[in-house]
Amino acid sequence: MPIVGTLGLANVVNNILVELSADDQIYVFYTQENKEFNAKFKAVYGVFPGTYADNAYDGLILLVEAVSQANGRGQSISDYLKTKTNYHGYAKIYRFDQNGDVKGGEWLLEKIK
C-alpha cells in the first residue's frame with residue numbers, strides 16, 4: 001500500500017513494522033526532501049531538518065537577495081520579486097508569475113525504498 005509522507009514518517013512506520021515483525025508488508029514512501037540540504041543541515045546542527053526546512057531556507061535566502069538588490073536599485077522588495085522569473089533553491093526551482101507569486105507549487109515525488 002503506497003503511503004505519501006516524509007522520510008521521518010517512513011522511519012516511524014518502518015520501526016513499527018520491525019516491532020510487529022510484519023516483514024511481508026510493503027510500504028512505499030514519497031518525499032520532496034533534498035538529500036544535499038539534509039546532509040549539510042545535519043552536519044551543522046547534528047539532527048535532520050524538519051519537513052519544510054529546505055523551503056524555509058530558500059525563502060529566507062530569496063528575501064535576503066531581494067532586500068540587498070532592491071535597496072541598491074531603489075525598488076521595493078515586492079517590485080524586485082516581480083522582476084524574478086525563477087529562483088533555483090534547495091527544495092526546487094521556483095518559477096514566478098507576473099505578480100511575483102510562485103507558479104505551480106507541486107511536490108516533487110521521489111520513491112525511496
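Student: Hi! Where do Lys40 and Glu36 lie, and how many residues apart are they?

Tutor: Both sit in helix H2, four residues apart, which is about one turn of the helix. Helices here are DSSP runs of H or I with at least four residues, strands are E runs of at least two, and both are numbered from the N terminus. Before we go on, this is a predicted model: local features need pLDDT of at least 70, side-chain atom pairs count only at pLDDT 80 or more, and totals for chains, interfaces and linings use all residues. Residues are numbered from 1 along each chain as its sequence is written, and side-chain values use heavy atoms, with hydrogens and water left out.

Student: Ok, what do the side chains of Lys40 and Glu36 do?

Tutor: They meet in a salt bridge, at 3.2 Å from N to O. The term means a side-chain nitrogen of Lys or Arg within 4 Å of a carboxyl oxygen of Asp or Glu.

Student: How many salt bridges does the structure hold?

Tutor: Two. Glu65 is partly exposed at 21%, whereas Lys84 is buried at 15%.

Student: Changing topic! How many aromatic pairs are there?

Tutor: Six. Rings of Phe, Tyr and Trp (its six-membered ring) pair if their centres lie within 6.5 Å; planes under 30 degrees apart are stacked, over 60 edge-to-face, and the rest tilted. One of these pairs is Phe37 with Tyr57: the centres are 5.7 Å apart and the planes are at 50°, so the pair is tilted.

Student: Which helix is Phe37 in, and which is Tyr57 in?

Tutor: Phe37 lies in H2 (residues 35-45) and Tyr57 in H3, so the pair ties together parts that are 20 residues apart in sequence. Phe37 counts as buried because its relative accessibility is 7%, while Tyr57 is partly exposed at 37%.

Student: What about the rings of Phe41 and Tyr45?

Tutor: Their centres are 4.6 Å apart and their planes at 45°, so that pair is tilted. Both residues lie in H2, four residues apart, about one turn of the helix. Phe41 is partly exposed at 23%, and Tyr45 is exposed at 56%.

Student: Which residues do ring pairs link into a cluster?

Tutor: Phe37, Phe41, Tyr45, Tyr57 and Tyr90.

Student: H3 keeps coming up. How many residues has H3, and what does it reach from first C-alpha to last?

Tutor: H3 has 21 residues and reaches 30 Å, close to the 30 Å expected at 1.5 Å a residue. The expected span is 1.5 Å times one less than the number of residues.

Student: Which residues in H3 are buried?

Tutor: Ala53, Asp54, Asp58, Leu62, Ala66 and Ala70. The buried residues of H3 pack against H2, H4, strand E3 (86-88) and strand E4 (93-95). After H3 comes Gly74, whose phi is positive, near 70°.

Student: And which residues make the nonpolar surface patch?

Tutor: Leu60, Leu63, Val64, Val67 and Ile77 make one of about 410 Å². Patches are made of residues with over 30% relative accessible area and no salt bridge; like charges are joined within 9 Å, and nonpolar side chains (Val, Leu, Ile, Met, Phe, Trp, Tyr) within 5 Å. Areas come from the Shrake-Rupley method with a 1.4 Å probe, and for residues only the protein chains shown count as cover. Helix H3 gives the most to the patch, with four residues. Ile77 is found in helix H4 (residues 77-83), and at 34% relative accessibility it counts as partly exposed.

Student: Last one: how many helices and strands has the protein chain?

Tutor: Four helices and five strands. From the N terminus on, they run β-α-β-α-α-α-β-β-β. Of the 113 residues, 27% count as buried.

Conventions. Buried < 20%, exposed > 50% of the residue type's maximum accessible area, 1.4 Å probe, protein only. Contact = heavy atoms within 4.5 Å.
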